[in-house]
Amino acid sequence: MKIAKGFLVLGFILVSLILVPQVLAETATPSSRPNPKRQEIRVEKLNAVKRERIMSFSNKMIVRLEATIERLEKLIIRIEERNVSEIKVSLNEAKQKLTLIKSNVVTLKESLNDMTTSEDPKAMFEKAKETLNGIKEDIKDVHGILVKLIGDIKGLRIGEDKNK
């Protein structure tokens, strides 16, 4: 009786070792046919997330650029109120560059909007990147001009003691 139970247990173990791994191996492997619809949906979701991130980043960047332009405009207005004739040429140059910067920001907005819908977003991104770098350099130039103008205005003060 004990021998029969031993053979029965041994038989059960051998059968389970032989059959169960095959079943697990069959069910664990993915199907040989990729589901193109699932892949298409996954790609669309990734593209939507990428577009959303790009638009969010670009909107924040545009807001920052516009705030910088606004601050520079305020500085120009305050400098104009001083009514100093020696700095008019440099002030007009700064105004012209600031006008150019504003038009470049509008161009940048358009290219960023086009980038999310275009067939070749990398090329559009390179164009937007070049425009952005140009805007940054122009802002630095205008800021440098205004810093120099403010220094010139301070140098024109009369009657103040420089030792204070």
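**Helix packing**

Reply: Helices α2 and α3 are roughly antiparallel to each other, a label for angles over 145 degrees. This is a predicted model, where local features need pLDDT of at least 70, side-chain atom pairs count only at pLDDT 80 or more, and totals for chains, interfaces and linings use all residues. Residues are numbered from 1 along each chain as its sequence is written, and side-chain values use heavy atoms, leaving out hydrogens and water.

Me: At what angle do α2 and α3 pack, and how far apart are their axes?

Reply: The angle between α2 (residues 36–81) and α3 (residues 88–117) is about 170°, and the axes are 11 Å apart. Axes are lines fitted to C-alpha atoms over the stretch in contact, with angles from 0 to 180 degrees between N-to-C directions. Helices are DSSP runs (H or I, at least four residues) numbered from the N terminus.

Me: Which residues of α2 are buried?

Reply: Ser58, Met61, Ile62, Leu65, Ile69, Leu72, Ile76 and Ile79; buried means under 20% relative accessible area with a 1.4 Å probe, protein chains only. They pack against α3 and α4 (121–155).

Me: New topic: which residues touch the most other members of the largest nonpolar core?

Reply: Ile101, Leu108 and Leu146, in a core of 27 residues. Such a core joins buried Ala, Val, Leu, Ile, Met, Phe, Trp, Tyr and Cys residues through side-chain atoms within 4.5 Å. α4 gives the largest share, 10 residues.

Me: And what is Leu108 in contact with, leaving aside neighbours within four places in sequence?

Reply: Leu108 contacts Ile62, Leu65, Ala128, Thr131, Leu132 and Ile135, where contact means heavy atoms within 4.5 Å.

Key. Helices (H or I, at least four residues) and strands (E, at least two) are DSSP runs, numbered from the N terminus. Angles under 35 degrees count as roughly parallel, over 145 as roughly antiparallel, 65 to 115 as roughly perpendicular and the rest as oblique. Buried means under 20% relative accessible area, exposed over 50%, partly exposed in between (1.4 Å probe, protein chains only).
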